[in-house]
Amino acid sequence: AETYRVLRALGIRRGIAEFAPAYVQAAPSRWRAFRSLAELGPEGRSLVPWLLQVLEEDNLEDRAAVAFALGFIGDPAAIAPLERAARDGAAWVAGVEAVHALARLDTESSRSIVADVARTHWFSFVRGEAERALAARGRGLLDRRPPECDYQRRRSNLPIATRVVTG
C-alpha cells in the first residue's frame, strides 16, 4: 500500500513507467522498492518492459524482487522471461520467485512450466517451491495481493539452502 499511496499523492498513476526507475534508484532498498511495485497489480503493466530488462540483469536480488512484482502485475508477456529465470540454475533465488510468479499468472502455459520445473530443476529447494506454488494455486491459496512479510519469512529458509548449494 505504501507505493500506491505515494504514487497517488504525487498524482502520477498514469506516468508510473517514467517514475518507477527513479523511485527504485532513490529508495534506500532497491529490493523493497522493486517488491513494492507489486502493490500496483495490473495497473503496473506499463512497467513490464522495464521490469523484464531488470530480470535479465546480473543483480540476483533485484531479479528475485522483480519476479515477485511481475507475478502480481499479471502480464502474460512475462511468461517467457520468467521461465528463463525459473530454469536458470545459477540464479536459483530468482528462480524461486519466478515459479511463484508463474503460478500466480495462472495460464495453461505458466502452470505447465511450473510443473516441469517441479520435476526437473537441479536444486531440490526450487523443485519444492514449484510444488508448493502449484499446490497453493490448486487450492486457491495464492495471494492476489502482495503479502506484507511473506518473502521475509520464506527468505529465512534461504541460508540453509545456500549452505546446501555452496557446501
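Predicted model: local features only at pLDDT ≥ 70, side-chain atom pairs only at ≥ 80, totals over all residues.
The structure holds 8 salt bridges.

Let me begin with Glu56 and Arg84, whose side chains meet in a salt bridge at 3.1 Å, N to O. This pair links distant parts of the chain, with Glu56 in the loop between α4 and α5 and Arg84 in helix α6, 28 residues apart. Glu56 is partly exposed at 45% relative accessibility, and Arg84 is partly exposed at 48%.

A second pair joins the side chains of Asp88 and Arg63, at 3.2 Å, N to O. Here too distant parts of the chain are linked: Asp88 lies in the loop between α6 and α7, Arg63 in helix α5, and they are 25 residues apart. Is Arg63 buried or exposed? Arg63 counts as buried, because its relative accessible area of 10% falls under the 20% cut-off. Asp88, at 24%, is partly exposed.

Arg132 is partly exposed at 48%, whereas Glu129 is buried at 6%. Salt bridges with shared partners also join Glu83, Arg87, Asp116 and Arg119 into one network.

I turn now to the core. The largest nonpolar core has 48 residues, of which Phe34, Leu37, Trp50, Leu51, Leu70 and Leu82 touch the most other members. Among the elements giving two or more residues to this core are α3 (30–36), α4 (48–55) and α5 (60–73). Leaving aside residues up to four places away in sequence, Leu51 touches Phe34, Leu37, Val66, Leu70 and Ile73.

At its start, a side-chain oxygen of Asn59 reaches to within 3.0 Å of the backbone nitrogen of Glu61. After the helix comes Gly74, with a positive phi near 80°.

Which residues does Ile73 touch, beyond those up to four places away in sequence? They are Leu37, Gly41, Pro42, Gly44, Arg45, Val48 and Leu51. Ile73 belongs to α5 and is buried, with a relative accessible area of 0%.

How values were computed
Residues numbered from 1 in each chain as written. Heavy atoms only, no water. Core = buried A, V, L, I, M, F, W, Y, C linked by side-chain atoms within 4.5 Å. Buried < 20%, exposed > 50% of the residue type's maximum accessible area, 1.4 Å probe, protein only. Helix = DSSP H or I, 4+ residues; strand = E, 2+ residues; numbered from the N terminus. Contact = heavy atoms within 4.5 Å. Polar contact = N/O pair within 3.5 Å; in protein donor to acceptor, adjacent residues only side chain to side chain. Salt bridge = Lys/Arg side-chain N within 4 Å of Asp/Glu carboxyl O.
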